[in-house]
Amino acid sequence: MNILIVEDERALAEEIASFLKKENFLCEIALTGTAASEKIAINLYDFILLDLGLPDYNGFDLLKEAREAGNEAGIIIVTARGAVEDKVKGLDLGADDYLAKPFALIELYSRIQAVARRKFQVNEQVMNLGEFQLLIQSRKILFGEEEVEVTKKEYELLQYLAFNRDKVLTRHQLYEHIWGNVLDDRYDSNFIDVHVKNIRRKLGVYGSTTWLETVRGIGYRISTD
Amino acid sequence: MTIFSLVSRLGFTIIFIIFLPLIIERINIIQTDMELIRKREKVIKLIEEKGLEQFMFSDSVSTFGSYNILKNEFINIEKTDIKNTWNFIEVTNRIIEGETIEFRILNYSFRVHDTNYLLEIGKSTESIKATEETTKRVILVFLISFIVITLASDLLYTRHLLYPLRLIIKKLKSASSPELFDREPIGTTTADFVRLDQTLRALMDKISDSFRREKDITVNISHELLTPISIIRSKLENLLLTENPDENVQVKIEESLTTLSRLTTLVNSLLFIARTESSQYLKEDSFAISDLLNEICDEILPVAENKKIQIKRDFSADFIIEGVNRSLLFSMFFNIVNNSVKNTSPGGEIFIKSYTDNNIYKVFISDNGRGMTKEQMETLFSRFHNRQKDNKEGTGIGLAIAKSIADYHNIKIDVTSEPGKGTEFYFSFLKNS
């Protein structure tokens, strides 16, 4: 998949590109709104990552331009403003999702995947976790034929780890994904640890959960082996 | 002002009533005396005009007396041997038809045809007293009605006069922040109040202007900070994802990311507080309080259970709150309950209850955790101040945020706490929120 990163901060744009390349994306960077506008007019992208706070261009105008030109790309808008109106306006103008700065790269990746699922894929996606199976569309965990009862948050946590298989996710990244950039002190407590503990307990009744690893001092990881 | 005028008037009246009998007695005596003198003049005039014969039909009769039927007045003329002139008033008893009556009598001697006569004109003290009583009563009634009427009119007038002042006070009271001060001029013709109103409005404008500037600066700085934070974060995350065998390096990167996330929370909290204070959040949700609180409880339950803390709920007195921002209220209650969980030891208990008191919706959250000292309570809601020493993680801004949200929704938070016993939070949803 190819993606256009519209971001006026070169350092940030390059970090995003470097991360996405590893996930097998073809990345292009536009550092100004004008450059972005030209690129959008000429090329076809699967995804556009659009920073609304461009110095030379109103990000919303760029969004309108892209949509009016019949561009079918998945568009994720990014802003440091984080104001609710921006989010609403962006989604109204045809953006597919919204991220507030600073966001986790893996969060960006998982949003891209989610948009891709919504836009391009209809079949049930199944992921294998040891003896368990994750049904992505119907948001269920199966052990053989049997459904394993977990809470919404526990499922969300497990799926996020599964999508980022073989990567260590920090507690903060996990908490941010599940609860968003909310204004409370969840991170102070061991919310993530408690949820992982509960997942292990609930799944442990059926089978082994050694694939869900604790990485000391960092966080958690689901490994393939 | 009204009270002062009431008290001064009452004081004056009481003094007046105390001295009233004396004054009236005095006036009455003077009046009686004048009346007696007037009557004397009349009698003397009559004698001068028509002679004594009018009264004394012959020389053989030496006395003339006339009483009215009730015996409260009499005139008496008689021949006398007294040589010197008498002209005085005295109080003596007279016996008239077997009845002893006290009279105030004017004695006056005069000469007619070389004969000395004594004229006595009397008025019974009883009748004098009677008029005195009537006068007293009339004056008292008049006085009382005067006081009542003037007081009432005073009250009405000052009320009317001070009405604009009350309007101004009401405006001041209802404005929880300078921006919310009602800019509509009050309807009054009193120049002083118009000026007061204008001055207040100008002052409020000035204050809100500098507030706004301060907020703008906060918002701008926060935005500027978020971009470099984003860059550092992405760099660190990419580093963490490289195949690095050195575990220590990874742990250090994770620690840096955690520190960075604290910085982010701080910046976002600043942004958030600046935004609530300039009313940038919509308040359009309405829902049952039990819904929200149950959701929060369910969210926190795993952590609480892990810590062996019980959460008891009583939402039997449920209510619907309207015109609020649900996610903000969620954060507010969440932060408080989460704070309670953090400060309660295993085996402890948290109690959450909704109720209505005097038509005011209330929520009560208590724990039997470690409680707070007076000093801790004072800085409880101040931004960045309430970090407890053993709370190593977090920014400690959760309660400051809760307070901002409460203020934004006109919710009053009362806290009572005792070290070692626990803490109680009371939330009151005040009207016009």
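I began with chain B, where I found an open sheet of 5 strands in the order 7-9-10-12-11, with mixed pairing. I record here that the model is a predicted one.

I followed strand 11 of chain B to its partner. It pairs with strand 12 (residues 422–429) of chain B in the antiparallel sense, over 8 bridges. Within this pairing, B:Glu418 has B:Gly422 of strand 12 of chain B as its bridge partner.

Next I looked up what packs on the sheet. Helix 5 of chain B does so, touching strand 7, strand 9 (349–357) and strand 10 (360–367) of chain B. The direction of this helix makes about 170° with that of strand 7 of chain B.

I examined helix 5 of chain B further. This helix, residues 289–306, has 18 residues and reaches 26 Å from its first C-alpha to its last, close to the 26 Å expected at 1.5 Å a residue. I asked where in helix 5 of chain B a kink lies. I located it at B:Ile300, shortly before the proline B:Pro302, and its angle is about 45°. B:Ile300 is also among the buried residues of the helix. After the helix comes B:Lys308, with a positive phi near 60°.

I turned to the contact between the chains. It takes 37 residues from chain A and 38 residues from chain B. On the side of chain A that touches chain B, the elements giving two or more residues are helix 1 (10–22) and helix 8 (191–204) of chain A. Helix 1 of chain A gives the most, with 6 residues. By class, I recorded 16 nonpolar, 11 polar and 10 charged residues on this side of chain A.

Of its 225 residues, 38% count as buried. Among contacts in chain A with a separation of 6 or more, 55% come from residues 24 or more positions apart.

I checked the span of helix 5 (residues 105–120) of chain A. Its 16 residues should span 22 Å at 1.5 Å a residue, and the end C-alpha atoms are 22 Å apart, which agrees. Its buried residues are A:Leu105, A:Ile106, A:Leu108, A:Arg111 and A:Ile112.

Strand 7 (residues 132–135) and strand 8 (residues 140–143) of chain A run antiparallel and are joined by 4 bridges; A:Phe132 stands opposite A:Phe143. Their hairpin has 4 residues between the strands, and A:Arg139 in the turn has a positive phi of about 50°. Strand 8 of chain A also pairs with strand 9 (residues 146–147) of chain A, in the antiparallel sense over 2 bridges. There A:Leu142 has A:Glu147 as its bridge partner. This hairpin has 2 residues between its strands, and A:Gly144 in the turn has a positive phi of about 65°.

Conventions. Residues numbered from 1 in each chain as written. Chains lettered and ligands numbered in written order. Predicted model: local features only at pLDDT ≥ 70, side-chain atom pairs only at ≥ 80, totals over all residues. Buried ≥ 20, exposed ≤ 12 C-beta atoms within 10 Å, placed from the backbone. Contact = placed C-beta atoms within 7 Å. Expected span 1.5 Å × (residues − 1). Bend = angle between axes of the 7 residues up to and from the residue. Pairing = 2+ DSSP bridges. Axes fitted to C-alpha atoms, helices over the stretch in contact; angles between N-to-C directions. Nonpolar A, V, L, I, M, F, W, Y, C, P; charged D, E, K, R; others polar.
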